Amino acid sequence: MQAAISAAIWVVGKALSPVVDGFLEAWAASVGLGPNVEELKLQLLYAQAMLNNTRGKEIENPALNELLHKLRDTAYNADDVLDELEYFRIQDALLGTYHAATEVDAAAGGCVCGHLLNAGQACRAVSTSKLNLCCSASRDTASSDEVLMINQEDQVDGGGCIPKVTSAARNTALSSVGKRLLCCFPQSRSANDGAQSGMTEDEDPDMPENGPRLYCCAWTSKAQQRKRDVVETPRLKFDRVEISRKMKDIVEQLKPICGMVSTILNLELLGSNLKTTRDIAMSNRPKTSPQIIEPKLYGRDDQFKSIVERITDGEYFAKKLSVLAIVGPGGIGKTTFAQHIYQEVKRHFNVLVWICVSLNFNYNKLVHEIVNKIPNVDAQMTSASEEELIEHRLKSKRFLLVLDDIWACQEDEWEKLLALLSKGGEKGSVVMVTTRILEVGKMVNTADSLMELGRLEDEEFMKFFEACAFDHPCPWEHYPLLQDVGQKIVNNLKGSPLAAKTVGRLLRNNLTVELWTKISESREWEQKTGDNDIMPALKLSYDYLPFHLQQCFSYCALFPEDYEFDDHITGALTVPMCSFFRSSLTTIVFHWNDELERFSMEQEEALQLLTSLKHLKLHGCSKLQCLPASLERLPNLKKLEIIYCEAIQSLPMEGFPSSLEVLHIILCRGISSLPKAGLPSSLQELYIEDCPAIRSLPKVERHLSSLLKLDVYESGNEELRRQCRKFKGIIPIVRA
């Protein structure tokens, strides 16, 4: 359930990303979509706040899991529509255009054109969704001097169009501006009419062609019209009505889903007393102490001697204050190691303090615990603060402070604590920290290197297992029949001391081959959930992982035990794997794979399942001869990178996915042409480098409206560069 909640949180956060800086909201307001974007943003923020409140809570409800999947899918739709708006915002910024009626009005001094734009878009939306029109109207939205053209045949029955549609649009425009501006519908002009007025059609190029027309008194000058004809750049049409409809539909879908999820979550959280999985696990963990539980330290002799020497007569002894971090996974023996060091060196210190920190690293709380564990001194100030008491009690004394099991630690809090401890202690004072988190260890450590504890070596681990499972030395002499099955059990425990202790408690009460074999085959120890068992310790580590690493863990868990991973992902591109990640996996990278030649049928089928895939990168696949044939059937692929794949001779004949926005082809000298079908109309960026065989871009003129960047400067082919130079001034960014 936590995976479903975390996935929904991630998608909702991603959908909100375009509106965090305020640029998109301001632009949307200028184009009449401000209320839509604001309502969608509020609904997403509500979903995010609701889900964040459940992070880490212990919830089990299958029906809720299904609702969370629906919420995630709807959030993906919101992400898509906001991305689409962001595209138009960037297009306006690059090209200096404005779709807003208000801004058009301002530019034209109160022109009716903005209202005509709204009416035209409404007309088009109605005709697209409700009617089957067999002809099209021409409309230029490039500048404020916009004219709604009504062809004469549109008013004749049987002309192919529906007169009521164009009439409705015209009436809407007139009714909205009739009180402000005088507009007229003159009759068709003839050449004689123009002659009588002293002007012919050729002499007045600003006038539309013959036929019924709608004029506005704010007609642009001839110079402006000619300028527009020269510099106008084709671009994707902005359909305000359609985007508004999409956002309203998404909001209407989000409201009931969020309402149901919120209700269920409130009931679940009330029933669980608002405890998180981490809180529950931590509350069940026993507090550690400096007292040695394991009388003998196995497999750590060299590390133990090194630390003791540094503390008693080495580098730590010579410094004012040293911090030693002991890092390792759960159950590896960090606390046991620290206990043995503590007991070995304690006679060298005047003050000894042991604190079990866990998740509760808080400066004020730690100060309170430390001051209570330091003995009082003579002439102690009665009204002093806890910080002053620590400084006073540690003055001219060498101390050892052990902070066991730190999970999270803010750097400023740590620096504050270290500054306090540095004021009072004598030279040679030591702070020893144990943690599972490598980043925490690196932050606090002041020694030359971290003390990282790994799994025990086989021989030492077997000795430790014997001590856990038997009450006497040389056990195999007394129980020779148990040795083989015992070896199998030890191999399964992977050198983990805590796992050996968990299994040893199960085995030592019944030293029979039958029981040992049963435990070996059933892995019964994995079901043990006591305070000192291995699985709760490992589960706690899993709960602490961020969502993307939990996904990675789940992915790896699908492989059989002892599976040997190589450097290539192709072996994992299977139907079961891709079915598991079909709605969450967004990026796949094939990196330096010198074995992949072609994608198998199973891999092709598996790839098609990844409907959420947005980024595909093939880098250094030296033997790959062709891209996946199923590539064009990936519905959400946004970015495709083909780098240093010299064996590829051609690209898919079917072309690329219609969703593709970024295409990079680098160091692919075997590719001689792009797909004959041309580039997808969604493409915004095309980058070609060191591909001298590519001489042309097929049908690129059809996609000038979407391309924002074309870079072939380092393509290695002068003919291609010369062909692309003609698009300067048409495509916003061209390097050729």
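Predicted model: local features only at pLDDT ≥ 70, side-chain atom pairs only at ≥ 80, totals over all residues.
Strand β1, residues 321–327, pairs with β5 in the parallel sense over 2 bridges, and Met451 in β5 is the bridge partner of Ile326.

Residues are numbered from 1 along each chain as its sequence is written. Local features need pLDDT of at least 70, side-chain atom pairs count only at pLDDT 80 or more, and totals for chains, interfaces and linings use all residues, while side-chain values use heavy atoms, with hydrogens and water left out.

I turn now to the nonpolar cores, that is, sets of buried Ala, Val, Leu, Ile, Met, Phe, Trp, Tyr and Cys residues joined through side-chain atoms within 4.5 Å, where buried means under 20% relative accessible area with a 1.4 Å probe, protein chains only. The largest has 47 residues, and Phe590, Leu618, Leu640, Leu663, Leu686 and Leu710 are those with the most contacts inside it. Elements giving two or more residues to this core include β6 (587–591), β10 (685–689) and α28 (718–725); helices are DSSP runs of H or I of at least four residues. Apart from this core lies another, of 43 residues, including Trp27 and Leu708.

Beyond its neighbours within four places in sequence, Leu710 is in contact (heavy atoms within 4.5 Å) with residues including Leu686, Cys724 and Phe727.

How values were computed
Pairing = 2+ DSSP bridges. Buried < 20%, exposed > 50% of the residue type's maximum accessible area, 1.4 Å probe, protein only.
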